[in-house]
Amino acid sequence: MTGTKRGVLQDRVPQARISMVWNFPEWGSPEETLLDIASDVLSVGKSSRLYKRLVYDDQIATSVSAGLNTGEIGSQFIVTATAKPGGDLASVEKALREEMARFIKDGPTPDELDRAKVQYRAQFVRGIERIGGFGGKADILATNEIYGGDPGFYKTRLAREDAATAEEVRKAAEAWLSDGVYILEVQPFPRLAAAGKSVDRSTVPAIGQLPTAKLPVTERGKLSNGLQLVVARREGVPVVNFDLLVDAGYAADGIAPGTASLAMNMLDEGTAKRNALELSDELDRLGATLSTGASLDTCRVSLSALKDKLEPSLALMADVVLNPGFPAADVDRLKKQQLAGIQREKVTPNLVGLRVMPALLYGAGHPYAAPFTGSGNEASVSTLTRDQLAAFHRTWFKPNNATLIVVGATSLAEIQPKLEALFAGWKPGEVPKKVLATVPAKAKSEVYIIDRPGSQQSLILAGLLAPPKNNPDEIARGLM
């Protein structure tokens, strides 16, 4: 296929997006390995070519990805970008073409090549931690047997990845990504489709014999500053996962709904020592992944680290937890993204319900009455400042208000001294008490209707107050 071919699809999507597709050879070919590296350089990490240009610098897209769709006879290299709300797909396409042309001309830098190789190794190692699923042991062995004729063909793939040079990657991109592109535009348009044939529910499937769960033994400890530790040793794969849970969440937003979500989204946007791109680059070089987020009752910082890169990876997590920078420019950028998310929620039926229902269940003013999406509202989010986000972090991020859960190839005896050294400067202190008043059950059922003119379907959401998770019937309630 030569030249450019186009297609346009209208669908019920909140934002327009564009996909660029090129054909290349089959699964297991040398080109697959080289173009896989190219896709990682282009879109993995905040400093990747496409993310940095479209999302971070130009801010014309809210997301961008590059990846492979491989097959036995032929494969596709796919780049997809979602335009910002009300954005212009033509400018997104122009930026994509410019970055692809620059990559084809210059190829990856030595640093980009090294990071892509570490990322592939880290992804492979984490995949084989699982038995099944995409990228698990069974999936890898079966795929290599079916397509490669040898369950151990993955070793060839790893060897090619390790030996690949920047010029080889550039030449593969030049050969397969410089021409013959198919471009698909997906434009927002409210259109319904048939639901298809109904499901046969005339008989109930048999349950059969349930397997016995074998859970790892957990150890508990505490750092000198009061941080609680829960460690579950899991041998077999050299990976250690960390989840720091801080007792805060949306319920700690107070009079400014959306604070917890924005503060946690900002946490990995840079520290006092590193900006967001430097932090992302260091994580990539270590093969580590770090994420931050908030839920109704907790704020979370998660790290997944390779065992042989454990200490430098943990140092990055500690820097994020203890020294967030909250750079003003990124606060403004993420505020715009959160406000755009609120606007999308208000036109998505189930999210509209999750925004409105909490106040109806708990009553206005209750900490749980905020939208269950955690995004807050336009009025509060638009006025949030860098100082407010930093104050939220100072107020709630105290070691005596947090628990660190560790799962993987380590033990309490091994990991506690490392954590003690990294978090020794984290001082305990007083933390406000979230006032979670008991809400009485309603005497009778209530029905509320949200009128959304022009809707072609109706959605029904039912909500019922239930006991807290620490009640003795929680497991039975979950099964029910």
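Helix axes here are lines fitted to C-alpha atoms over the stretch in contact, and angles run from 0 to 180 degrees between N-to-C directions. The structure is a predicted model.

**Helices H4 and H6**

Helix H4 covers residues 110-127 and helix H6 covers residues 154-163; the two pack at an angle of about 155 degrees, and their axes lie 9 Å apart. Angles over 145 degrees count as roughly antiparallel, and H4 and H6 are therefore roughly antiparallel to each other. The crossing of H4 past H6 is left-handed. On the H4 side, the residues that meet H6 are Ala 116, Lys 117, Tyr 120 and Phe 124. Their counterparts in H6 are Tyr 154, Arg 157, Leu 158, Glu 161, Asp 162 and Ala 163. Sorted by class, this contact has six nonpolar and four charged residues, with no polar ones.

**Helices H2 and H3**

Helix H2 (residues 49-57) packs with helix H3 (residues 89-106) at an angle of about 150 degrees, with 10 Å between their axes. H2 and H3 are therefore also roughly antiparallel to each other. Here the crossing is right-handed. H2 contributes Arg 49, Leu 50, Arg 53 and Leu 54 to the contact, while H3 contributes Val 92, Ala 95, Leu 96, Glu 98, Glu 99, Arg 102 and Phe 103. By class, the contact holds six nonpolar residues, five charged residues and no polar residues.

The two pairs are set out below.

| Helix pair | Angle | Axis separation |
|---|---|---|
| H4 and H6 | about 155 degrees | 9 Å |
| H2 and H3 | about 150 degrees | 10 Å |

Within H2, the buried residues include Arg 49, Leu 50 and Leu 54, along with Tyr 51, Val 55 and Tyr 56. Arg 49, Leu 50 and Leu 54 also belong to the contact with H3. Just after H2, Gln 59 has a positive phi of about 55 degrees.

**Nonpolar cores**

The largest nonpolar core consists of 50 residues. Within this core, the residues with the most contacts are Phe 242, Leu 244, Leu 303, Met 317, Phe 397 and Leu 404. Helix H10 (residues 310-322) gives the most to the core, supplying seven residues.

Leaving aside residues up to four places away in sequence, Leu 404 touches Leu 227, Gln 228, Leu 229, Val 230, Phe 242, Asp 243, Leu 244, Met 317 and Leu 419.

Technical notes
Residues are numbered from 1 along each chain as its sequence is written. This is a predicted model: local features need pLDDT of at least 70, side-chain atom pairs count only at pLDDT 80 or more; totals for chains, interfaces and linings use all residues. Side-chain values use heavy atoms; hydrogens and water are left out. Helices (H or I, at least four residues) and strands (E, at least two) are DSSP runs, numbered from the N terminus. Angles under 35 degrees count as roughly parallel, over 145 as roughly antiparallel, 65 to 115 as roughly perpendicular and the rest as oblique. A crossing is left-handed if the near helix is turned anticlockwise from the far one by less than a right angle, and right-handed if clockwise. Contact means heavy atoms within 4.5 Å. Ala, Val, Leu, Ile, Met, Phe, Trp, Tyr, Cys and Pro count as nonpolar, Asp, Glu, Lys and Arg as charged, and the others, Gly among them, as polar. A nonpolar core is a set of buried Ala, Val, Leu, Ile, Met, Phe, Trp, Tyr and Cys residues joined through side-chain atoms within 4.5 Å. Buried means under 20% relative accessible area, exposed over 50%, partly exposed in between (1.4 Å probe, protein chains only).
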